[in-house]
Amino acid sequence: QVQLVESGGGLVQAGGSLRLSCTASQSISAINAMGWYRQAPGKERELVARIFSGGGTIYADAVKGRFTISRDNAKITVYLQMNSLKPEDTAVYYCNVDQLKGWGARYDYWGQGIQVTVSS
């Protein structure tokens, strides 16, 4: 069973930076994309950033210009560099791997979530 293990969260002051990491416990074939989502209290989970197998990236409007997603295929790791953090970035951040299963099917792996708290 593949596990995604996140690290790097914590408490930071507004304007500060954090770097999240997410590593898969074993190789995952046919990865379409790796990404980060977040869920704040009382809100739905939302996309933060994704990086596709071809290297393309997408970002939520709220984080564009402040967050950068990257990946290390050899280490099966995805990173999220978060700069200029704001209190509204406070949330539980979840790592995601989107796997292609064939015949158009897909499967999502999820990490357990890691808390990021930005104080004002």
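# A friendly first look at this predicted model

The side chains of D98 and R106 meet in a salt bridge, with 2.3 Å from N to O. D98 is a buried residue, at a relative accessible area of 2%. A search of the whole structure turns up 6 salt bridges, 1 disulfide and 2 aromatic pairs. The points below take these in turn, along with the nonpolar core and a few individual residues.

**Salt bridges**

- Salt bridges with shared partners tie R38, E46, R66 and D89 into one network.
- Within that group, the side chains of D89 and R38 form a salt bridge at 3.0 Å, N to O. This pair brings together distant parts of the chain, as D89 sits in the loop between β8 and β9 while R38 belongs to strand β4, 51 residues apart.
- Are D89 and R38 buried or exposed? Both D89 and R38 are buried.
- Another salt bridge joins the side chains of D61 and K64, at 3.1 Å from N to O. Here D61 is exposed, and its relative accessible area is 64%.

**The disulfide**

- A disulfide is a covalent bond between the sulfur atoms of two cysteines.
- Which residues form the disulfide in this model? The partners are C22 and C95, with their sulfur atoms 2.0 Å apart.
- The link spans distant parts of the chain: C22 is in strand β3 (residues 18-24) and C95 is in strand β9 (residues 91-102), 73 residues apart.
- Why is this disulfide called left-handed? The torsion about the S-S bond of C22 and C95 is about -80°, so the disulfide is left-handed.
- Both cysteines, C22 and C95, are buried.

**The nonpolar core**

- In soluble globular proteins, nonpolar side chains tend to be buried together.
- In this model, the largest nonpolar core contains 32 residues. The residues with the most contacts inside that core are L4, W36, L80, M82 and Y93.
- Which elements give two or more residues to this core? They are β3, β4 (31-39), β5, β7 (67-72), β8 (77-82), β9 and β11 (114-119).

**Aromatic pairs**

- Y37 is buried, at a relative accessible area of 18%, whereas W110 is partly exposed, at 35%.
- The rings of Y107 and Y109 make another pair, with centres 4.8 Å apart and planes at 75°, so this one is edge-to-face too.
- Y107 is partly exposed, with a relative accessible area of 39%, while Y109 counts as buried at 14% relative accessibility.

**Charges over rings**

- The charged end of R19 is placed over the ring of Y79, at 4.0 Å from the ring centre.
- R45 lies over the face of Y94, and its distance from the ring centre is 3.7 Å.

**Residues with positive phi**

- Most residues other than glycine have a negative phi.
- I76 has a positive phi, near 50°, and is a residue other than glycine. The loop between β7 and β8 holds I76, and at 18% relative accessibility I76 counts as buried.
- W103, also a residue other than glycine, has a positive phi near 55°. You can find W103 in the loop between β9 and β10.
- Is W103 buried or exposed? W103 counts as exposed, because its relative accessibility is 93% and the exposed class begins over 50%.

**A closer look at S53**

- Where is S53? S53 sits in the loop between β5 (46-52) and β6 (57-59).
- With 52% relative accessibility, S53 counts as exposed.
- Leaving aside neighbours within four places in sequence, S53 is in contact with I31, N32 and R71.
- S53 and I31 are 22 residues apart in sequence, and their C-alpha atoms are 6.6 Å apart in space.

Key
Residues numbered from 1 in each chain as written. Predicted model: local features only at pLDDT ≥ 70, side-chain atom pairs only at ≥ 80, totals over all residues. Heavy atoms only, no water. Helix = DSSP H or I, 4+ residues; strand = E, 2+ residues; numbered from the N terminus. Buried < 20%, exposed > 50% of the residue type's maximum accessible area, 1.4 Å probe, protein only. Contact = heavy atoms within 4.5 Å. Disulfide = S-S within 2.5 Å. Core = buried A, V, L, I, M, F, W, Y, C linked by side-chain atoms within 4.5 Å. Salt bridge = Lys/Arg side-chain N within 4 Å of Asp/Glu carboxyl O. Phe/Tyr/Trp six-rings, centres within 6.5 Å; stacked < 30°, edge-to-face > 60°. Lys NZ or Arg CZ within 6 Å of the ring centre and 35° of its normal.
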